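Please read the following alongside the sequence and the 3D view.

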Amino acid sequence: MPRLSTSLLAILVGVSAPGAALAAQEPPTPQQTAGARTEAKASPLVSTEWLEKNLDAKGLRIVEVSVEPGVFERGHIPGAQNVVWHTDLVETVSRDIASREKFTALARRLGIDKDTTVVLYGDNNNWFAAWGAWVLAQYGLVDNVKLLDGGRKKWEAEKRPLDTRSAEVAASSFAAPAPSPAFRARFADVLAVAKRERDEQILDIRSPDEFSGKVIAPPGVQELAIRAGHIPGSVNVPWAKAVNPDGTLKSPAELKTLYAAAGIDGSKPIITSCRIGERSSHSWFVLSRVLGYPVRNYDGSWTEYGNAVGVPVVNLAGTVWGGK
Amino acid sequence: MSGPVAERSPPLPRRPALALPTGRELVRRVAPPGIALGLVGAALWLSGEPGGSRLALSLTFGALFGVVLQRSRFCFYCQWRDFLVAGDPRGLLGILAALAAGLAGYAVVLGAWMPDPGGTRLPPDAHIGPVGPVLLLAGAVFGAGMAISGSCISAHLYRLGEGSPTAPFALVGTGLGFVLGFATWNPLYLVSVADAPVIWLPRHLGYAGYLGLALAVLAFLAWPLMKRLPDPVAPNLCRGSDPLRALFSGRWPVWLGGLAVGAIGTLAYLRVGPLGVTAEIGGRARQAAGAAGLLPARLEGLDTFRGCATAIREAVLTPNGLFVAGLVLASFVAALASGQFQPARPRSGHAIRGLLGGLLLGWGAMTGLGCSVGTLLSGIMAGALSGWVFGVAMFAGAGGTLWLGRRTGLLT
């Protein structure tokens, strides 16, 4: 019996050991190199390596925008602050991005000013982080806003340090301008393209089955539109095709080829669209910030267009809503 | 091998000198380290998989929780009954110890995560539920289910590892009770739950204020219990000089188990999520009921509440599923190693009480968005008023049912 017990005790202690693995890690020392500074200046992306070296850099704010609740609190990039996409960046009663007042208060709390370098990252391949970048862009925070290439997934996979304490930053005195319409397409814009009244391209980044109309929403997601299919004239490149298996974005050359195959080469204005406008901000970021194409994101997306009365729709699959 | 699970320490096994161990003895020697090694191996394998560290930790915390529950007989109903029937307050003091330790732990964690509790935000995935008449009803029905089936859901899980003849029926009944709960959810939601306020006490009192008040309430509850403590006898821990024997034979005092529960609750919240044992049962019940066409087309507002979420599982391995698996297996290991694995052939009484009590447990846990662990323990620790309300209703329901059952001769 005692021998048995010894092994059991040893095992129980062993079982608890993995929990300690992430507990104590030294914060990295800031080594801001000239090369690193260039990387942040030139590209809309920063690498995990660069970020770890520049965690304490002046004028840098790191912001996590994740989908799953609790991931930020249980371990985030040291110094990062949390933004909750479905309350902080939107109006919760009407369907809109955060109002000017609300955004001003948020940016001040995060210590973000016009010249602050903001690194956004999150789970799900930076899905909502890119959406955050799109909201920030409308309030004039464009060139200084970067995505962490690979997002949370890559940072964690490389076993870089995480922190559970909340950062304390000095508030800024940012005052949001009126939101710029340059990054956002509205229903009327999309309808004009659908009716061929305007020569623009619509990039639909949903799955092929949603695009063809076989399904109205991805598996497990509520059907919020009562028509299936897509906006006439749009082309389909699922958003995740822009991402490597490790979560990083493909190279600009690869991205150019990917979108050129669908006829999108930046020669015409582009509108990105999906179901609710969040996944399409990822493609918006890729096309506008990485490739430099003229792009607006249509956040109304299929849940607005697919519910509109009297608009042209392409429904390749012939799915009838509510039909048996 | 029938009869109730041993609650006193069995005599220490004597090792026959130079005699070959019997088959059963061999199993008792080989199985515990074997299963424990398997658990460790599974946790290590999971932690190596991409995104698997959360799963590995869930399994680990579940296993630790199972050992603690089994070793200290941390069973809400048994302790409540010990007090009501035998006048022994030690078990209830153990539950209060768990709450006190967890309250302090959560305050430390929450203070770091949300330095200002005053805003409109709630701490992430903490079990803070709506408070209203439906919660009271859920707690009381859950309590009745405890009295009829002999324990709450978490205790049935650890007793499954002890070979209890009632636990399998109670857990099947719990699954059915969840389906019943889904069927009655929509009317209850529309009539009452939708308007019930979600009250997080630290928002109104601050962390220190809530911690101080909650500890004062626990002290107030503990005071009369302390006066009824039996005369001190040599506790199990001091028997003999071998600390391993103290760990693996007899039972731990409940207060010790309670402190461990508070610690595990805090650590689990810090790393994975609040303790809870019904999310997986509820989620799988919802999946099965959906497949069988027994589910309402839409469960109004259910997925917007915190608690033991019953979202339909897509993955085979989920954190809560591994937590429950770890709990049952580790309890089995602990029971086997301490000679408390005493399987009994179920009789019809076990089946009827298990199924009926389980049905009430399941309905109460679904409607109350968790059980004695998810809503009561994790809720109170996180500062949810819903935890306190559920707790009061649960103990009242269990006590009332026990009283009624003893008067009618149906319960002992």
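Chain A is divided into domain 1 (34–179) and domain 2 (184–305), with bounds that come from an automatic or database domain assignment. This is a predicted model, in which local features need pLDDT of at least 70 and side-chain atom pairs count only at pLDDT 80 or more, while totals for chains, interfaces and linings use all residues. Residues are numbered from 1 along each chain as its sequence is written, and chains are lettered from A and ligands numbered from 1 in the order in which they are written.

Taken over C-alpha atoms, the centres of domain 1 and domain 2 of chain A are 23 Å apart. Across the boundary, 18 residues of domain 1 of chain A are in contact with 16 residues of domain 2 of chain A; contact requires C-beta atoms, placed from the backbone, to lie within 7 Å. On the domain 1 side, helix 6 and helix 7 (151–157) of chain A each supply at least two residues. Helix 6 of chain A gives the most to that side, with 9 residues. By class, the side has 10 nonpolar, 5 polar and 3 charged residues. Here Ala, Val, Leu, Ile, Met, Phe, Trp, Tyr, Cys and Pro count as nonpolar, Asp, Glu, Lys and Arg as charged, and the others, Gly among them, as polar.

Chain A has 12 helices and 9 strands, which are DSSP runs numbered from the N terminus (helices H or I, at least four residues; strands E, at least two). Of its 324 residues, 44% count as buried, that is, with 20 or more other C-beta atoms within 10 Å of their own, C-beta atoms being placed from the backbone.

Helix 6 (residues 123–138) of chain A also belongs to a right-handed β-α-β unit, with strand 4 and strand 5 of chain A. Right-handed means that, with the strands pointing away from the viewer, the path from the first strand over the helix to the second runs clockwise. Strand 4 (residues 117–121) and strand 5 of chain A are parallel and share 3 bridges; strands pair if DSSP finds at least two bridges between them. A:Leu120 is opposite A:Leu147 in strand 5 of chain A. Strand 1 (residues 45–46) of chain A also pairs with strand 5 in the parallel sense, over 2 bridges, and A:Val46 stands opposite A:Leu148.

Strand 8 (residues 270–273) and strand 9 of chain A run parallel, joined by 4 bridges. The chain passes between them through helix 11 (residues 279–290) of chain A in a right-handed β-α-β crossover.

Methods: Buried ≥ 20, exposed ≤ 12 C-beta atoms within 10 Å, placed from the backbone. Contact = placed C-beta atoms within 7 Å.
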